[in-house]
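Morning, everyone. I have one structure to walk through.

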Amino acid sequence: MQLLQSPAMRPLYLSYCFSSSRYLATITFSSSSNLLPKSILPTFRTNRGFNSTPSISRLSIRNCSSISAKPSSGLRRQKGSSDSSEPDDKKLRALRQLFSKPGIGIDAYVIPSQDAHQSEFIAECYMRRGFISGFTGSAGTAVVTKDKAALWTDGRYFLQAEKQLNSSWILMRAGNVGVPTASEWLNDVLAPGAKVAIDPFLFSFDAAEELKDDIAKKNHELVYLYDVNLVDEIWKDSRPDPPNAPIRVHELKYAGVDVASKLSSLRSQLAGAGCSAIVVSMLDEIAWLLNLRGGDVPHSPVMYAYLVVTMDDSKLFVDSSKVTSQVLIHLKNAGVELRPYASILSEIESLAFKGTELWLDPSSINAAIVNTYKAACEKHLEGLGSEGTGKSKNREVSNCSSGQSWGPSGVYRASPISLAKAVKNASELEGMRNAHLRDAAALAQFWAWLEDVIHEGAKLTEVDVSDKLLEFRKKQDGFIDTSFDTISGSGANGAIIHYTPEPENCSIVDPKKLFLLDSGAQYIDGTTDITRTVHFGEPTAHEKECFTRVLQGHIALDEAVFPGTTVGFVLDAFARSFLWKIGLDYRHGTGHGVGAALNVHEGPQSISFRHGNTTPLQEGMIVSNEPGYYEDHAFGIRIENLLHVKEANTPYRFGGIRYLAFEKLTFVPIQNKMVEVSLLSNTEIDWLNDYHSQVWEKVSPLVEGSASQWLWDNTRPLVRQ
């Protein structure tokens, strides 16, 4: 799944890119998880040796029968909550009427895609940008002035946005030459001295500060509306209820490390940084740290919560109705107390008044929390000053910005949890391997079924295909949900990188056209993400050449061996070089990080052409390998496997450093008839044949009947003619 993204990754730099065919996003800091060009995110800165054939019994895992995934046809009728019964221009008029209300008095309002936790996937009740604009893509920023409305999104969504936006909206194709950023556009269309408002809970502190600085160039003022979200005011009773799914314990056999050990390690890092507490707001970081999983967000097994960890205790801010008795015992044993979700700001104020030096990740913590802490710190310092004793009254604390202040000031740096979560332990890797094999069995059964019915002349829509795949996955042990909306695109729809078919207007799968299927699943022990592109008839010579060059890039990245200090953007060219040779390319990153039974997009690692992410790939990380090629209004091609970063067995270690390589996690055939064999080297042919040999060896014990025959037919060696 591609992330221009994503979404959810972070080391101490201010801009970061998370990539892949579906998500590409720039994050300041900084998954996702997932990233987009800078002009989209609130446009402002914010993001083996396993060769033995496992037995079926070894892969058996209890089913989570209490959790069920809805078919695409059902989900998509609800998704986006754009309330199509109410025209978009009527919504805009209602929104603009609020601009002049007492206590508001603004000239423009910025509506991002994020929730209060900077999530890539969000609950339906937080899809405010989708409601106001009608555009349901996962990435984008809407800006509404008194007489204009514009929406920024990236290349994955240009075609989708063209279809979904009405004439009241201006589509800003972020990243294209001549397209201004949202802040540049505001500076151009607003008279000097205008007031631009945001909901500070929906912007990271970095994003809000960047927007404030950018619009200040025209003397505009950034207004924080803490007590009201203007979209919610017009959404009213039709707004979906907040999610209330029960939280579950992620068992130690899958997590690998207990909560006490994770908290102890975190506290050691706090002490090393001179902090006495940390505020965690990224939902997957909280889930990973506490060995919990939830169901509040579609496709992501997380729950809406904040976490505050001090040197002495931990407090989880969450709706207590989601906490089962098992979870309550689990948290109590780990020394974690429960607090109401809505009380996070009062806790931040209390910590500041106590002189607590907080670790805050400004790329992910929302501006409301950071500004509350800063204001409370100022009051605390004023109180200390009024006592006249200053430093003699309290211990001296270093100020992060000036280095010479007494009292709390905060340490602003990347979350230490992000990297810890990205480097998987042995149990997490074992779970990912097992989940991928069960997923491969489901896919073999699905592809065998699909080819049969297509050749029999069945008329299937893209949604029919997506729903049938869900049926096969649901039969696998430990299945919980899909890991993102399935991208099922026939012909021209395959060229829409993040295409989501809708029951009302999707296409019939055409056996004479290329078909792209990008899908994934959440299992109790792992997360999958795989793309295959096939033809049910005879592909054209041009389609075969494009497919083969994408495959060559996929192979080149898969076989890469690189120093342990290598960052992802260095490897990105491996996947593009064969397309570049004939003047072709693709508009998304090549790889995103993937969580272990967590978010399908996570950071801080990525493989992308964007240079902002300087996180080296490390042993234990998982990334996608998904080069592609897309011809607008014609076809799309993408080939995606997930890879585990492992140590390479090199005869030398230049510079005394270790070298790294990749281990495959995904084992599903790549369609041989799409390959133009004459373009492949003998080494590349050997790679494909060896891969298919592994697919047969690992997956055939898990299938039978027509699926077994399909697997046999599609793993036969490719021979140069």
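Let's start in a loop. H633 sits between β27 (628-631) and β28 (635-638). H633 has a positive phi of about 65 degrees, although it is not a glycine. Is H633 buried or exposed? H633 is exposed, because its relative accessible area is 63%. The cut-offs are these: buried is under 20% relative accessible area, exposed is over 50%, and partly exposed is in between, with a 1.4 Å probe and protein chains only.

Before I go on, the ground rules. This is a predicted model, so local features need pLDDT of at least 70, side-chain atom pairs count only at pLDDT 80 or more, and totals for chains, interfaces and linings use all residues. Residues are numbered from 1 along each chain as its sequence is written, and side-chain values use heavy atoms, with hydrogens and water left out.

N219 lies between α7 (205-215) and β9 (221-224). Phi of N219 is near 65 degrees, again a positive value in a residue other than glycine. N219 counts as exposed, because its relative accessibility is 57%.

Next, a peptide bond. The bond joining G603 and P604 is cis, with omega about 10 degrees. P604 is in strand β25, residues 602-607. Why point these out? Most residues other than glycine have a negative phi, and most peptide bonds are trans.

How confident is the model? pLDDT is the predictor's confidence in each residue, from 0 to 100. The chain averages a pLDDT of 87, and 84% of the residues score at least 70. Two stretches need care. Over residues 3-68, pLDDT stays under 50, and the model has 380 contacts beyond four places in sequence for them. Contact means heavy atoms within 4.5 Å. Over residues 388-405, pLDDT also stays under 50, with 25 such contacts. Where pLDDT is low, the predicted coordinates should not be read in detail.

On to a sheet. An open sheet of 6 strands runs in the order β15-β14-β13-β11-β16-β17, with mixed pairing. Two strands pair if DSSP finds at least two bridges between them. Which strands stand at the edges? They are β15 (336-339) and β17 (411-412); each has a single partner strand, so one side of each is left without a neighbour in the sheet.

Look at β11, residues 277-280. β11 pairs with β13, residues 306-310, in the antiparallel sense over 4 bridges. A277 stands opposite T310 in β13. V280 has L307 as its bridge partner in β13. On to β16: β11 and β16 run parallel, joined by 2 bridges. There, I278 has W359 as its bridge partner. Now the side chains of β11. A277 and V279 point one way, I278 and V280 the other way, and all are buried.

Which helix lies across β11, β13, β14 and β15? That is α11, residues 283-290, running at about 55 degrees to β13. Axes are lines fitted to C-alpha atoms, for helices over the stretch in contact, and angles run from 0 to 180 degrees between N-to-C directions. Helix α13 (residues 344-353) packs on the sheet too, touching β11, β13, β14 and β16, and its direction makes about 20 degrees with that of β13.

Last topic: aromatics. The whole structure has 19 aromatic pairs. Rings of Phe, Tyr and Trp (its six-membered ring) pair if their centres lie within 6.5 Å; planes under 30 degrees apart are stacked, over 60 edge-to-face, and the rest tilted. F446 and W447 form an edge-to-face pair, 5.1 Å centre to centre, with 65 degrees between the planes. Both are buried. W447 and F515 have ring centres 6.4 Å apart and planes at 75 degrees, so that pair is edge-to-face. This pair links distant parts of the chain: W447 is in helix α16 (residues 426-455), F515 is in strand β20, and they are 68 residues apart. F515 counts as buried, because its relative accessibility is 0%. Ring pairs link F446, W447, W449, F472, F515 and F536 into a cluster.

One more stop on β20. D518 is in this strand, residues 514-519. D518 is buried, with a relative accessible area of 0%. Its side chain makes a polar contact with the side chain of T531, at 3.0 Å. A polar contact is a pair of N or O atoms within 3.5 Å; within protein, one must be able to donate a hydrogen and the other to accept it, and residues adjacent in sequence count only if both atoms are side-chain atoms.

That's the tour. Thanks.
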